[in-house]
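Try each task before you read its solution.

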Amino acid sequence: MSLQRITDSLAALFAVQPIVFWHDAEGEFAATVDNLVPENAALVRLQDTPALQVKLAIERQPGQCWLLYSTQPEPDPYADWLLDIRLRSKSFKADSASILLAELGLASQNLRGHLKARAKFLRSSARVGRLKRLVLASDTADDLDRKMLAVLVRADQPELFAILLRLFVAFVQEGEVDLNAQPKIWQDIIANDLEEAFWQAVKTQLGYAEAEPGLRDLLFRILVTDFSRSVGAKPVGALQHFVLPERRLAANASVFASRWRADMAHYSSYNLMSAAVGQDLALAHLLSGLSADDLAEVMTFEDVERRIISDLKDRVLGGAGAALEAVLALIARRRDGHWANPVLANTHDVNRALAASYDALEAAIHFLALKDQYQDGFSFASGKAGFSAYQTGLFRFDQGYRHFNRAYELVEPMGWSVLHEVKQRIEAAYSGWFMPQLSSAWGNILEGGSGLLSSWQLPGVINQQHFFAKVVAPLSDDGAKRVFVVISDAFRFEVAEELVQAINSKSRIKASLSAMLGVLPSYTGLGMAALLPHQRLAYKINSNLELSADGKPVSSMEQRGAYLGLHGGAAIKAEDLVAMGKEKGREFVRDRRLIYIYHDRIDLIGDKQASETKTFEAAADTVIELAQLVGFIVNSLNGYNVLVTADHGFIYQESALAEADKSVLADKPKGTLLAKKRYVLGQGLGTNAKAWSGNTALTAGTGADGSLDFWLPKGINRFHFTGGARFVHGGAMPQEIVVPVITVRASESELAKTKAASISLLGASNKVVTNTQRFEFIQNEAVSERVLPRTVVVCLRDGDQPISNEQTVTFDSPSQLLDERKRSVVLTVLSGAYDRNKDYFLVARDATTKVEMLRVPLQVDLAFSNDF
C-alpha cells in the first residue's frame, strides 16, 4: 500500500474524530510514521510516553488532533490505562483491507477478509472511487460483490437486472450479434475474480444454477421462460428444457425481459438479441401450432408478432363476422405491446412494418364490414339523397381504402407477403365492386331530363361558385374582423373528415365539416376561380383557357392575389406564411380582412405519372400539414375564423386500369379547345353517348359570353391513359365534386377544451397473492372529439420503486357501453420477501406526461403461493 494512501486514510479519520489509535504490532511503519501524520495532527509514540502525560496533553489541548502510535498490540481493556480515551476515539490499521474498510465507510470488521479476496478489483483507485459512491455502511459481502459488478459493467444501478442488461447489450457490436463472443466487460468480471459472485447472484434471483453456466445459455433461458410464462396454451415441448426450474424465481425473468424491452436506450439491442435467439431456436416453426389468442400476451419474440399477424390475416380473409370484434381487441392489445408500439414504430423499420400490418388489418376489417352493409349495391332516390349518402357514410369506402393502402405501403419494403391476399381482396372490393356500383348508381341521378346534370343544384347544398357569398361573407356580416381561407388542391372530402378529427383533438379549436357541390369540370383552374369573391366568372378563349372574375384575370396565384387585393385581401402559399413566423405573419395579415392561403400536396404528387403512386402518402402528409397550419393561424396569428376547403377532389385506385376503363372517343369532337383524361372543354361540342355533357354556365356560373361546353367520361372512366391514369379528377363522381368545407373557430369555452379519458380500477380486491396478477380497469368516458384516448403505463411499486413489470394499455373506446370500455393487464411480481402489513401500490401513469392517474394501495403476500 502506498504511504500517501495511509496519509489520506488518516486524514479522512481525523475529519470525523480528533483522536486515533494506531497499533502497528510488527513495527512496520515505526521509522516512517513521522512522515505519515497529517499536518493537523500531533504524533505521540505510546511506548515512549507515559499514559498520564498523554492524558494531560490531550486535556490541555482540546482542539488538537492526536495520532497515538504504538508498536505493541492493543492491550487488554483491564490493563489499558488509556481505555477512557480509547472508547471515544477511532482505531486505524495500516493493512489495505482495513484502510479500505474505513475508506468505504463499512461498519462490519468481518468484511476485512472479503476485501482482501477482492484485491484485484480494489487495486484500481478509479474503481474504488466509483464503488464508494454506491456503498452503504450496512452492506454485506454479497452487496459489495453486486456493487463491484455494477462498477465493472458500468450499470445504471447496482442491481442484478441492470448488470445483466449491460452484459447482454455488450453482445451487440455495430448492429450485429455474436452470441458466442465473450464481451470485454465479461472478461473484466473474470479477471477481477467476480465470476463466481455473479453466478451466485443469478442463482439467487433467477434460480439459474447450471454446473457450467454461460451468458448465452442464461439469455436463452430468460427469454424462453418469459415466452412460456405468457403463452396461453400448453407449453411448447421443444422449449421446456430452457424454462427456469423454480416457478417463483422464473417470474423475475419475465420482469427483467419486460424492463429491457421498455428501456428506450436499449430496446433495439433487445430486438437484435431476441431475434438471434429466436432464429437459433427455429421459433417460427414451433409457433405454427399456436393461435393469435394463445399468443395474445406474449411480447418476447418478433416471430410471435408475425405469427399473430398471419393468424389474424386468415381470420379477416375468412370473414369471421362478429368474431372480428375479438380481432380488433387483439390488435389493440398488440399495439400496446413492444413490437407494434406506435412510439417505437417511428424509430425502427421492423417495428414500423409490424405496426402498419395491424393498421392494414384494422382498415380491412372496417372496409369489409362496411361492404357487408351494402351487399345489394347502391340506389339513390334523388341527387340530394346520393350526395347526402356519400357525405354521411359512403366516403368511408374511400377512406378505408386509403388507410389500408397507406399502411400496406409501409409494410411492402420489408418484402413480406403476409398481406398480399388481403390487398387483393380490398382491391377487388374497391376497384371491382364499390367504384363500379357507385358509378352506376351515381350515373342514374346525373342523367336524364330531370337529372342532376340538368340543374346542377341540390336542395340545401351550396354550389362551389357561391362559396364566398354564402360562406365567407356572412362571417364578416357577423362581425368577423378577418377571415382566413385555406384552399388545399385536390383535398377530397374523406381526407377532410380525418383533418377535422385531428383539429378537434386540440384544445381551444373547434372544427365542423360540411360540403359544397363542386363545379364541373372539377379541375384546378375553375375550382380556384369559383372560390373567389365574384359576381361573374368567364373563360378567355385562348390557348390556356384563362379564367377571369368580374373581368380580372385569376388563373394564376399571383393574379388571384392581385384580385383579392381589390377586396381588402391577399393570397399567399401556405409554406410562405408559416415561414414568416409569428411576428412577420401578424404584420402580413394586420391590415387585411381576407387571407387566401394556398396549399398543394396531394395534387402536386398525384398529378404526375412518376409520383402518382404516392397519392395516399401525400394525403396523410396533408392532414398533418393542414392541422399544423390551422394551429399556426389560430395560435400565432389570432385567426378566430378559419375556413379550409378545396378546388376539387380526386379519384385514385392502386390497380392498373384496363381498356374497359377507357371511354374511347374516335375523334376529338369538333370545337375542342382542351382535352384531358377526365374532361373535354370546347364550344359547340354537342352530345355523345359515351360522355356526360353540359355547359359551365350551369355548373360553374360562368357568364353567357364566357362559358364553355364540356364532356365528361361516364362513371370513373378516362378518355385516354396518356401520362398518369390512377390519379385523376375533372369528372362528376362524388369523390371529385363533394367539396369539403371545414369551419374552424377558436374558443375559450369549456366545451372547446379537450381532455384525456380518465380511468378507474375495477374490483375490490386489494391483495396480491400470486406472482402473476390480473387487474381490470374501466374507461370512465367514451372517447369523442373532446375526450381523447389515453395510454397509461401500469406497474406495482414499493413507494416509487417498481416491484413488477410494466404494462402499457390504451383506453380509446368510443362506445357508450361500459362493458366495451373495460381493459385488463397482467402484471408479474418480482419474487422476494414482502411485508404483508405494508402498503404497496398499483400505479398507473400517463405514458406521455408521466402524470399519475391512479395510485391504489394493496398488500403483497406471496407466502402462500410460494409454498406450492
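**Exercise 1.** In this predicted model, find how helix α18 (residues 324-335) and helix α20 (residues 349-373) are oriented to each other, and which residues make the contact.

*Solution.* 

Step 1. Take the angle and the distance. α18 and α20 pack at about 155°, and their axes lie 10 Å apart.

Step 2. Classify the angle. Angles over 145 degrees count as roughly antiparallel, so α18 is roughly antiparallel to α20.

Step 3. α18 and α20 cross in a left-handed way.

Step 4. List the contact. α18 supplies Leu324, Val327, Leu328, Ile331, Arg334 and Arg335. α20 supplies Tyr358, Asp359, Leu361, Glu362, Ile365 and His366.

Step 5. Sort these residues. The contact of α18 with α20 has 7 nonpolar, 1 polar and 4 charged residues.

**Exercise 2.** Do likewise for helix α8 (residues 125-132) and helix α9 (residues 141-153).

*Solution.* 

Step 1. Take the angle and the distance. α8 and α9 pack at about 120°, with axes 10 Å apart.

Step 2. Classify the angle. Roughly perpendicular covers 65 to 115 degrees, and roughly antiparallel needs over 145.

Step 3. The crossing of α8 and α9 is right-handed.

Step 4. List the contact. Arg127, Arg130 and Leu131 come from α8. Lys147, Met148, Val151 and Leu152 come from α9.

Step 5. Sort these residues. The contact of α8 with α9 has 4 nonpolar and 3 charged residues, and no polar ones.

Conventions: Residues are numbered from 1 along each chain as its sequence is written. This is a predicted model: local features need pLDDT of at least 70, side-chain atom pairs count only at pLDDT 80 or more; totals for chains, interfaces and linings use all residues. Side-chain values use heavy atoms; hydrogens and water are left out. Axes are lines fitted to C-alpha atoms, for helices over the stretch in contact, and angles run from 0 to 180 degrees between N-to-C directions. Helices (H or I, at least four residues) and strands (E, at least two) are DSSP runs, numbered from the N terminus. Angles under 35 degrees count as roughly parallel, over 145 as roughly antiparallel, 65 to 115 as roughly perpendicular and the rest as oblique. A crossing is left-handed if the near helix is turned anticlockwise from the far one by less than a right angle, and right-handed if clockwise. Contact means heavy atoms within 4.5 Å. Ala, Val, Leu, Ile, Met, Phe, Trp, Tyr, Cys and Pro count as nonpolar, Asp, Glu, Lys and Arg as charged, and the others, Gly among them, as polar.
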